[in-house]
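Trainee: I have a structure open and want to learn how to read it. Where do I begin?

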Amino acid sequence: MIPLLQSLVDAVSAGAIYALAALGIGLVFGIMRLANLAHGEIITGSAYTLIFLWQFSWPLALVASAVVGIGIALVMNFAVFHWLRAQSPATLLIASFGLSILFQRLYDAAFGTNVRTAPVGNGLSQSIEMGGIRINLLSVITIVLGVVLLMSVHLFLTRTSLGLQVKAASADSRMARILGIRSGLVIAVTFAISGLLAAAVAFALTTQSGAVGPTFGVQVTLFGLVGAVLGGLSKLSGSVVGGFAVGVVLSLFTSWLPPWANDFRTALVYVFVIIALVFTPNGLLAGRSKKDRT
Amino acid sequence: MTERNGEPVDESQRVLTVENLTVQYGGVPAVDGISFTVDAGELVGIIGPNGAGKSSTLLALVNAVRSTSSRLELLGLSIAGKAPERVARHGLALVPEGHHIFGELSVADNLKLGRVARRSMAGLDEDTEWILSLFPILREFHSRSAGLLSGGQQQQLAIARALISSPRLLVLDEPSLGLSPTAVDTVFSAIAAVRARGMAVLLVEQRAQQAVAAADRTHVLSEGRITMTLSPPDASNSELLTKAYLGS
């Protein structure tokens, strides 16, 4: 019973991480049809910041990793994607792939191929007792962080003027501009939010592993993207639910699969995703088909 | 001062000046060097058959399609090549064909988006009250998802959203398309009320008779060119209207 509950809490915690990754990817996809493969390198940049600065001051490390995440996201936007806005999703995807490789090489050159380690959030690795059951504190904090950030993004999008503009530009960018919405500003804000979400993912993953290498953010981004597609990229709630589902399944496979099958857990997640997409090709939460956006 | 129809025209009242506007798609002209003006408080109509270049003309005004012109001015400022959002913030509100409301947002949120292009928030409450009095159904469905409204209600929402921006020039692309007769009446009454407030209106319509009757003057567009300009008395001349549409 106790291992079962612990594994469920771990699964929800993993789900929260992948939901945050999928939301960061889904937001940017919604606004400019860009499936940003380089989202992982934003996560990696924030993770390196945590690793290097945690020993000096943890509040400084947290703030700096958020600033670095937002900064890298904005640099990617203004240096590359801003100039490709009118291009097709395929062109944008390839550009993001190139950017991903470029950033990995830059991290490699700057910090070396080997992982850098530091005890980030060491105090969080203890267990706490809740109702007679011991639960990993880090899992609980990750879940709380995920819920707070998801709620914050939701409130931003639904309760603020700028958030409404982001939603409008995501739904119909040409009409949004005709209404006077500054597309450049709205895109930059969206990238900044995705950078902040990437920093949150970096924090959750770095406290788990304490080790960061140049390809640190690749796997979570791939699964985040898969989750976003699974849930339906046309809806943000779809991205979140899909990301959460992938995280939960991945974590449950890790806990429950016999040792000989555990090496195949990643492949099994993809099998799960393929089966789901066969039955719901537009994603689990996809609405009716929409017009192409210009 | 310049002249139109031999009458002197005060250019300080000029809201929109279009000279030699051309829009080409793949080298084929959709709009072929047309010129017209709209003054404050005027309602100017554009009619013509499908493919005449009406919508392309309107989209060119907000630079949503590429165009060339010798003069394209809104309130004395050149808007040639300016981004759609800048044109909107300078006072031109376009309601494109097909409503383009945000279906997943509520009616209230759609209306809020109209505020983005507003130059001043002074008088917002009064303007909102006036607009909701033109389209009472929007008050009733304030919190409803806009995608659940009927076609006629969505058109009313699209016009209301444009009016919230307090534009100097309201540009409507076939506002009556696909609407029930009652909804068409609501839309045309609203257009009359907008004009009575001194706002300039540029109206593209398929309902030639209704448009010609309502507008100060109506340009007939055919194969990208203005072939005729009609005045309200021409609305009852069905022979002339047929000729305007089908050519001589």
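Mentor: Begin with one helix. Among the residues of α1(B), Lys54(B), Ser55(B), Ser56(B), Thr57(B), Leu58(B), Leu59(B), Ala60(B) and Leu61(B) are buried. Keep in mind that this is a predicted model.

Trainee: How many residues of helix α1 of chain B are buried, and what does that say about the helix?

Mentor: Count them against the helix length. Eight of the eight residues of α1(B), residues 54–61, are buried, so the helix is largely enclosed by the rest of the structure.

Trainee: What follows α1(B)?

Mentor: Asn63(B) follows, and its phi is positive, near 60°.

Trainee: How do I tell whether a single residue is buried or exposed?

Mentor: Count the C-beta atoms around it. A residue with 20 or more others within 10 Å is buried. Ala200(B) has 26 other C-beta atoms within 10 Å, so it is buried.

Trainee: Which residues does Ala200(B) touch, leaving out those up to four places away in sequence?

Mentor: They are Val15(B), Val38(B), Asp39(B), Ala40(B), Gly41(B), Glu42(B), Arg168(B) and Leu169(B). Now look at distance along the chain. Arg14(B) is 186 residues from Ala200(B) in sequence, yet their C-alpha atoms are separated by 9.5 Å.

Trainee: Leu169(B) is on that list. Where is Leu169(B) placed?

Mentor: It sits in strand β9 of chain B, residues 169–173. Run the burial count again. Leu169(B) has 23 other C-beta atoms within 10 Å, so it is buried too.

Trainee: And which residues does Leu169(B) touch, with the sequence neighbours up to four places away left out?

Mentor: Val15(B), Leu16(B), Val38(B), Leu74(B), Gly91(B), Leu92(B), Ala200(B) and Leu202(B). Leu169(B) and Asp39(B) lie 130 residues apart in sequence and 9.1 Å apart in space, C-alpha to C-alpha.

Trainee: Now the nonpolar core. How many residues does the largest one have, and which have the most contacts inside it?

Mentor: The largest nonpolar core has 163 residues. Val201(A) and Val171(B) have the most contacts inside it. Helix α1 of chain A, residues 2–32, gives the most to this core, with 16 residues.

Trainee: What is Val171(B) in contact with, beyond its neighbours within four places in sequence?

Mentor: Its contacts are Leu58(B), Leu61(B), Leu92(B), Ala93(B), Leu94(B), Val95(B) and Leu202(B). Leu58(B) and Leu61(B) are among the buried residues of α1(B).

Trainee: How do I read two helices that pack together?

Mentor: Look at the angle between their axes. Take α5 (residues 137–159) and α8 (residues 183–209) of chain A: they pack at about 175°, with axes 10 Å apart. α5(A) and α8(A) are therefore roughly antiparallel to each other.

Trainee: Which residues make that contact?

Mentor: From α5(A) come Leu138(A), Thr142(A), Leu145(A), Leu149(A) and Val153(A). From α8(A) come Ile193(A), Leu197(A), Ala200(A), Ala204(A), Thr207(A) and Gln208(A). By class, there are eight nonpolar, three polar and no charged residues.

Trainee: Why does spacing along a helix matter when I look at such a list?

Mentor: An α-helix has 3.6 residues a turn, so residues three or four places apart point the same way.

Trainee: What is the angle for α10 and α12 of chain A?

Mentor: The axes of α10(A), residues 236–256, and α12(A), residues 265–279, cross at roughly 140° and come within 10 Å. That makes α10(A) oblique to α12(A). Their crossing is right-handed. Val246(A), Val249(A), Leu250(A), Phe253(A) and Thr254(A) in α10(A) meet Arg265(A), Leu268(A), Val269(A) and Phe272(A) in α12(A). The classes are seven nonpolar, one polar and one charged.

Trainee: Give me one more pair.

Mentor: The crossing of α2(A) and α9(A) is right-handed. His39(A), Gly40(A) and Ile43(A) in α2(A) meet Val218(A), Val220(A) and Thr221(A) in α9(A). That contact has three nonpolar, three polar and no charged residues.

Trainee: Last, how many residues of chain B are in contact with chain A?

Mentor: 20 residues of chain B are in contact with 16 residues of chain A. On the chain B side, α2(B) gives the largest share, four residues. That side divides into 12 nonpolar, three polar and five charged residues.

Definitions and conventions: Residues are numbered from 1 along each chain as its sequence is written. Chains are lettered from A and ligands numbered from 1 in the order in which they are written. This is a predicted model: local features need pLDDT of at least 70, side-chain atom pairs count only at pLDDT 80 or more; totals for chains, interfaces and linings use all residues. A nonpolar core is a set of buried Ala, Val, Leu, Ile, Met, Phe, Trp, Tyr and Cys residues joined through C-beta atoms within 7 Å. A residue is buried if 20 or more other C-beta atoms lie within 10 Å of its own, exposed if 12 or fewer, and partly exposed in between; C-beta atoms are placed from the backbone. Two residues are in contact if their C-beta atoms, placed from the backbone, lie within 7 Å. Axes are lines fitted to C-alpha atoms, for helices over the stretch in contact, and angles run from 0 to 180 degrees between N-to-C directions. Angles under 35 degrees count as roughly parallel, over 145 as roughly antiparallel, 65 to 115 as roughly perpendicular and the rest as oblique. A crossing is left-handed if the near helix is turned anticlockwise from the far one by less than a right angle, and right-handed if clockwise. Ala, Val, Leu, Ile, Met, Phe, Trp, Tyr, Cys and Pro count as nonpolar, Asp, Glu, Lys and Arg as charged, and the others, Gly among them, as polar.
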